[in-house]
Amino acid sequence: MRPRRAAVRLPNSWLPGADWADRYEVLVLAERITAAEAAWRVLGSAPRWVRSLLSFRNRLVPLFGLNATADTRHSDLVASLPLMHSDDRQTVFGYDDRHLLFRLVVEVGEGPADGQIVGMTTLVRCRSFMGWLYLAAAIPFHKAIIPSLLTAVERAV
C-alpha cells in the first residue's frame with residue numbers, strides 16, 4: 001500500500017504546544033508488528049537519497065546554530081534519533097534543541113480486516129526565529145522523506 005497523509009490531532013501529549021505537525025500512514029496486511037519493529041524498519045533502512053540528504057543537513061545546520069545530531073548521552077539511537085519511549089503501540093524519538101523541539105512518533109493501530117495501520121507523526125515546537133526558518137526550509141524535504149520511509153514498513157528486515 002502507498003502511504004497517505006492523515007489528519008493530525010493537536011495538542012499531542014508528546015509535545016504539548018507543538019507549532020507544526022503532520023502525519024502519514026500506511027496499511028500493512030501481511031503480518032503483525034510492534035511499533036518498535038515498525039520504527040526499526042522505517043528508520044533503519046532509509047534509501048540512499050534520504051541518507052545523503054540527511055548527511056548534507058548535518059553538515060549545513062551547525063553553520064546556523066542548530067544541532068547536527070541529537071545529544072545521545074542518555075538514550076538509545078535509531079537513525080541518529082534519541083529514543084524517548086517505546087511500547088507495542090508507540091515508539092517516540094526526539095530531541096530538544098535551543099531553536100526547536102522535535103518528536104517523531106511511530107504508532108501501530110488496528111486496521112481493516114487483519115491489517116494494521118502504521119503511522120508516523122512529526123511534531124515541532126519552534127523556540128526561536130531560527131527554528132522557524134529551519135522548519136520552513138525542511139518541510140518540502142520532509143513531505144518527500146516520510147512517505148518514502150514508510151514504504152519500508154512492509155519489507156521485513
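**Exercises on a predicted model**

Helix 2 and helix 3 are roughly antiparallel to each other, a term for angles over 145 degrees. This is a predicted model, in which local features need pLDDT of at least 70, side-chain atom pairs count only at pLDDT 80 or more, and totals for chains, interfaces and linings use all residues. Residues are numbered from 1 along each chain as its sequence is written, and side-chain values use heavy atoms, with hydrogens and water left out.

**Exercise 1.** Describe how helix 2 and helix 3 cross, and which residues meet.

*Solution.* Begin with the axes: those of helix 2 (residues 48-60) and helix 3 (residues 129-150) come within 11 Å and cross at roughly 160°. Next comes the handedness, and this crossing is left-handed. Turning to the residues, Trp 49, Val 50, Leu 53 and Arg 57 of helix 2 meet residues of helix 3 that include Tyr 134, Phe 141 and Leu 149.

**Exercise 2.** Determine whether Gln 116 is buried or exposed, and what its side chain reaches.

*Solution.* First locate the residue: Gln 116 lies in strand 7 (residues 116-126). Its relative accessible area is 4%, and Gln 116 is therefore buried, the word for values under 20%. The side chain of Gln 116 then reaches the backbone nitrogen of Ile 33 at 2.8 Å. Finally, leaving aside neighbours within four places in sequence, Gln 116 is in contact (heavy atoms within 4.5 Å) with residues including Val 26, Glu 31, Ile 33 and Gly 111.

Terms used. Axes are lines fitted to C-alpha atoms, for helices over the stretch in contact, and angles run from 0 to 180 degrees between N-to-C directions. Helices (H or I, at least four residues) and strands (E, at least two) are DSSP runs, numbered from the N terminus. Angles under 35 degrees count as roughly parallel, over 145 as roughly antiparallel, 65 to 115 as roughly perpendicular and the rest as oblique. A crossing is left-handed if the near helix is turned anticlockwise from the far one by less than a right angle, and right-handed if clockwise. Buried means under 20% relative accessible area, exposed over 50%, partly exposed in between (1.4 Å probe, protein chains only). A polar contact is a pair of N or O atoms within 3.5 Å; within protein, one must be able to donate a hydrogen and the other to accept it, and residues adjacent in sequence count only if both atoms are side-chain atoms.
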